[in-house]
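Morning, everyone. Please look at the screen.

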Amino acid sequence: MSAKKSSTPAAGAIPSSHPRHASLMTRERIVAGVEQGVTSIHGLIAQGRGEAFDYLIGERTQPFAASAIDAAAALLLRARHPVISVNGNVAALASREVVLLGTLAGAALEVNIFHSSPKREQAIRAALHAAGAERVLMPSKKSALPGLDHNRRFVNPAGIAQADVVFVPLEDGDRCQALRAAGKDVITVDLNPLSRTARTATITIVDNLVRCLPLLCERVIALQKAGPAAWAKALSLYRHDRVLKAAERAVRTGHAPAGRR
Ligand code: PTJ
């Protein structure tokens, strides 16, 4: 961690009465992530882009996200070898939640970043351990996904390389395509329903990562209890094209139905 004085205002600097309190607090987490060497400076831009889309969907979890959350929980539970891929933004925003999801769904955690930095990979690993992870897989130069030229091609031979289902929040389109081409199912979280990742994934949750992860954990617990017939039902009810169309309509018109905060 840098010895520099933090520019992140204390949480109290943003009063809870502020109408956009939750969004501003999320922004502070990304800023802190950059200061701690977990998040890339580019992560600030990605966050800003996400905020713009979130504003348009009312900063609430909409029905189109709820059906995707259900299907995602089912796919994770049905998987033989699920893996959660963690980048610098995800580690800053939701380390505790991805560790919990990994435990609930029996999924491995693997560090995988776009902007190459061995130091940041180690910082993300440390953040996940601090959040309670027992084991964190690291990318290896010995195992690469075919069809990619950038840093995200390097994967762990016992992790993403073997996975049948990969949960990749805030992903870039290239790797999503490469994972699909390798025969893997991909679950993503992306506030932009028009992105290549959103379109290419098997299941896309168009929602803010910080809102949908606790809901996804809740659904994993409920569907675990309900059993395989309920997983099959949740998956059969998911319509990828319809979910993306409904999300795009909300974004373009700015008329999102009142969702869940
Ligand atoms: O740590 P690294 O090097 O792997 O870099 C991570 C980022 C996120 C910087 C990198 O993958 C990147 O540049 O991503 P993109 O291409 O900007 O895509 C990020 C997508 O996530 C965009 O479509 C955003 O709208 C969306 N997004 C940003 N913040 C959130 C989000 N979606 C859900 N929840 C968010 N909080």
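Start with helix 1, residues 21-35, and helix 4. Their axes are 9 Å apart, and the packing angle is about 125 degrees. One word of caution: this is a predicted model.

Now, who touches whom? Helix 1 brings Thr 26, Arg 29, Ile 30 and Gly 33. Helix 4 answers with Asn 89, Ala 92 and Leu 93. Sort the residues of this contact by class, and you get 3 nonpolar, 3 polar and 1 charged.

Stay with helix 4, and bring in helix 5. Helix 4 covers residues 88-105, and helix 5 covers residues 118-130. Their axes come within 9 Å and cross at roughly 25 degrees. How are helix 4 and helix 5 set, roughly parallel or oblique? Angles under 35 degrees count as roughly parallel, so helix 4 and helix 5 are roughly parallel to each other. The crossing of helix 4 and helix 5 is right-handed.

On the helix 4 side, the contact uses Gly 88, Ala 91, Ser 95, Val 98 and Val 99. On the helix 5 side, look for Arg 120, Ile 124, Ala 127 and Leu 128. By class, that contact has 6 nonpolar, 2 polar and 1 charged residues.

Hold on to Gly 88 and Arg 120, please. Both are named among the closest residues to the ligand. How many residues surround the ligand? The count is 23, and the closest also include Phe 114, His 115 and Asp 190.

Here are some distances. A polar side-chain atom of Arg 120 sits 2.7 Å from an oxygen atom of the ligand. For Asp 190, a side-chain N or O atom is 2.8 Å from a ligand oxygen. Asn 208 faces a nitrogen atom of the ligand instead, with a polar side-chain atom 3.0 Å away.

Last pair: helix 8, residues 209-226, and helix 9, residues 228-237. The axes are 6 Å apart, at an angle of about 125 degrees. Helix 8 and helix 9 are therefore oblique to each other. Helix 8 makes the contact with Leu 223, Gln 224 and Ala 226. Helix 9 uses Ala 230, Trp 231 and Ala 234. Here the classes read 5 nonpolar, 1 polar and no charged.

Thanks, that's my tour.

Technical notes. Residues numbered from 1 in each chain as written. Predicted model: local features only at pLDDT ≥ 70, side-chain atom pairs only at ≥ 80, totals over all residues. Heavy atoms only, no water. Axes fitted to C-alpha atoms, helices over the stretch in contact; angles between N-to-C directions. Helix = DSSP H or I, 4+ residues; strand = E, 2+ residues; numbered from the N terminus. Parallel < 35°, antiparallel > 145°, perpendicular 65-115°, else oblique. Contact = heavy atoms within 4.5 Å. Nonpolar A, V, L, I, M, F, W, Y, C, P; charged D, E, K, R; others polar. Left-handed = near helix turned anticlockwise from the far one by under 90°. Near = heavy atom within 4 Å. Polar contact = N/O pair within 3.5 Å; in protein donor to acceptor, adjacent residues only side chain to side chain.
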